[in-house]
Amino acid sequence: MKIFTGTQIRELDTYTIEHEPIRSIDLMERAAKAVTRVIAERWDTRMNVVVFAGPGNNGGDALAVARMLGEQGYTVSVYLFNIHNNLSDECSINKKRLGDGHRVKNFTEVTLDFDPPKLDADTLVIDGLFGSGLNKPLAGGFASLAKYINQSPSKVVSIDIPSGLMTEDNTYNVRANIIKADLTLTFGNLKLAMLLADNQPYLGEVRVLDIRLSQEFIARTDAQFTLIEEQDIRPRLRPRGEFAHKGQMGHALIVAGSYGMTGAAILATKACLRSGVGKVTVRTPKRNYSIMQIAVPEAVLQIDHEDTHFSEPIDAQPYDAIGIGPGIGTQEHTAIALIAQIRRSQCPIVLDADALNILANHRAWMQQLPKGIIMTPHPAEFDRLSGNASNGCYDRLMKARDMAERLDAYIILKGHFSALCMPDGHVLINPTGNAGMATAGCGDVLAGIITGLLARGYDQRDACTIGMYLHGLAGDLAVRDIGQESLIAGDLINYLPRAFFQLNN
């Protein structure tokens, strides 16, 4: 699914109107019917409905919904805010239709003073004040109204996007002045703001309503952000030949684990093996030998001469991909060994966890990273890498995108919607995964999966895309059986076979 900007969304509406062809007011009617259908499915006519409509097309949508709910027997009160006596054409038409139908209990056009209605637990608020065209924070009376709605016990349905929330960048928004919806009914495609963690308190449940916007425009219009879908993953999977042997399935090197952090090495190694790679070698300190031998007998051990940490690089020629970082620590000997290993390796590399923390402590080294390197930071690790605390999720995402372009790298900014920032400036957003995966070790599993896919011969883009999707899908499958509360990183590895099975069948 392409994620369009606010400007592109308006262009999509215009193109649909011109090329379907359909009148703008009829497209609005189609959207209002879709919203009304969802509302009627969830709340019966015993619920009082209060509609707040703005002067633009979002307000026109709200007025049409008010009329349709009234026709279905709901008790509806409408407040149309026309402070500057300037309604959009479609909003004006729907105002007239609402008046002609006499289907609502109360209609108030607010031009100056506003006496707010009582909003209680038996009231459903329809928020149609401002849609995706908003480009500045709510202020004055609208800000006060947003706060009034938020402090009420009423359920809130926002049409297209909660009023006050901007489509992309909310870095400098006044968050107290954004309506908090229980349900957001958006049209056609998700908006970027809906995929960022710090905006989730305003969205509630999000549903995308198909109002038959132009598929021709969607297909031919480039989007900087794309939400991955299962149909994107299936064709990218490489078939395993009937006569394949381990020598043809790739050889991965995992550099992981310091003394006391053997678990990170175990998780990354097991995940790498479960990705379908032919062979995995693990570079780890002496004291990890017995634990690794018992925990992962399928792996080949390459033991560092130091007892407790990774201290020297090894010849990378035998390996098809390298994953470095889980649990290796950040001491100086390890840092020097890390940059030396990167310099002398010609195969694809995944940097995770402590490898990223080392780079954050030696930021000049980032200019020595080879093109196409993969980095998998969580938000705090990325902020250390960038050298600046981020002003929210959008700001961090833009910095990650810029860094990927500058370094010619692939950066997976991990989170509920992990984002793959690519060298060409495009960003792929992963939809799989859940809150149960907020537990130690899940990042080690992701690094292992991607390293294994690289070793199998997938290019960086496909390895990252498939790896993110599989990682989250394994978590989703695990949660169906064991729930979120007790999920641990090892469960993801156990459910990887089922994730592969689902995608292959």
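This is a predicted model: local features need pLDDT of at least 70, side-chain atom pairs count only at pLDDT 80 or more; totals for chains, interfaces and linings use all residues.
The protein chain has 505 residues, of which 57% are buried, and its secondary structure comes to 17 helices and 18 strands. Taken along the principal axes, the box filled by the C-alpha atoms is roughly 85 × 45 × 40 Å. The accessible surface amounts to about 21,300 Å², and carbon and sulfur atoms account for 48% of that area. When contacts are counted between residues at least 6 apart in sequence, 73% of them join residues at least 24 apart. The side chains include 49 positive and 56 negative ones, and the centres of these two sets lie 2 Å apart.

One of the sheets is open and consists of seven strands in the order 4-3-2-5-6-7-8, with parallel pairing. At its edges stand strand 4 (106-110) and strand 8 (205-209), each of which pairs on one side only. Neighbouring strands of this sheet are turned against each other by 15 degrees on average, direction ignored. Within the sheet, five bridges join strand 2 (residues 48-53) to strand 3 (residues 76-81) in the parallel sense, and F52 has Y79 in strand 3 as its bridge partner. Helix 3 (residues 57-71) lies across strand 2, strand 3, strand 4, strand 5 (123-128), strand 6 (155-159) and strand 7, and its direction runs at about 160 degrees to strand 2.

Strand 7 (residues 183-187) also holds T186, which counts as buried because its relative accessibility is 0%. Apart from neighbours within four places in sequence, T186 is in contact with D160, K191, M194, V206, R207, V208 and L209.

A second open sheet is formed by 11 strands in the order 1-9-18-17-16-15-14-13-10-11-12, and here the pairing is mixed. Strand 1 (2-3) and strand 12 (300-303) stand at the edges with a single partner strand each, so one side of each is left without a neighbour in the sheet. Helix 14 (residues 393-407) packs on this sheet, where it touches strand 9 (225-227), strand 15 (374-375), strand 16 (410-413), strand 17 (419-421) and strand 18 (427-429), and its direction makes about 165 degrees with that of strand 16. Strand 12 runs parallel to strand 11 (residues 279-284), to which four bridges join it, and R283 stands opposite Q302 of strand 12.

Strand 13 (residues 321-324) shows how the strands and side chains of this sheet are arranged. In general, the side chains of a regular strand alternate between the two faces of the sheet. In strand 13, A321 and G323 point one way while I322 and I324 point the other way, and all are buried. Strand 13 pairs in the parallel sense with strand 10 (residues 251-255) over four bridges, and it pairs in the parallel sense with strand 14 (residues 349-351) over three bridges. I324 takes part in both pairings, as the bridge partner of V255 and as the residue opposite L351 in strand 14.

Leaving aside neighbours within four places in sequence, A295 is in contact with I266 and K270. A295 and K270 are 25 residues apart along the chain, and their C-alpha atoms are separated by 9.0 Å.

Key:
Residues are numbered from 1 along each chain as its sequence is written. Side-chain values use heavy atoms; hydrogens and water are left out. Two strands pair if DSSP finds at least two bridges between them. Helices (H or I, at least four residues) and strands (E, at least two) are DSSP runs, numbered from the N terminus. Contact means heavy atoms within 4.5 Å. Axes are lines fitted to C-alpha atoms, for helices over the stretch in contact, and angles run from 0 to 180 degrees between N-to-C directions. Buried means under 20% relative accessible area, exposed over 50%, partly exposed in between (1.4 Å probe, protein chains only). Accessible areas come from the Shrake-Rupley method with a 1.4 Å probe; for residues, only the protein chains shown count as cover. Lys and Arg count as positive and Asp and Glu as negative; His and the chain ends are not counted. The place of a charge is taken as NZ of Lys, CZ of Arg, CG of Asp or CD of Glu.
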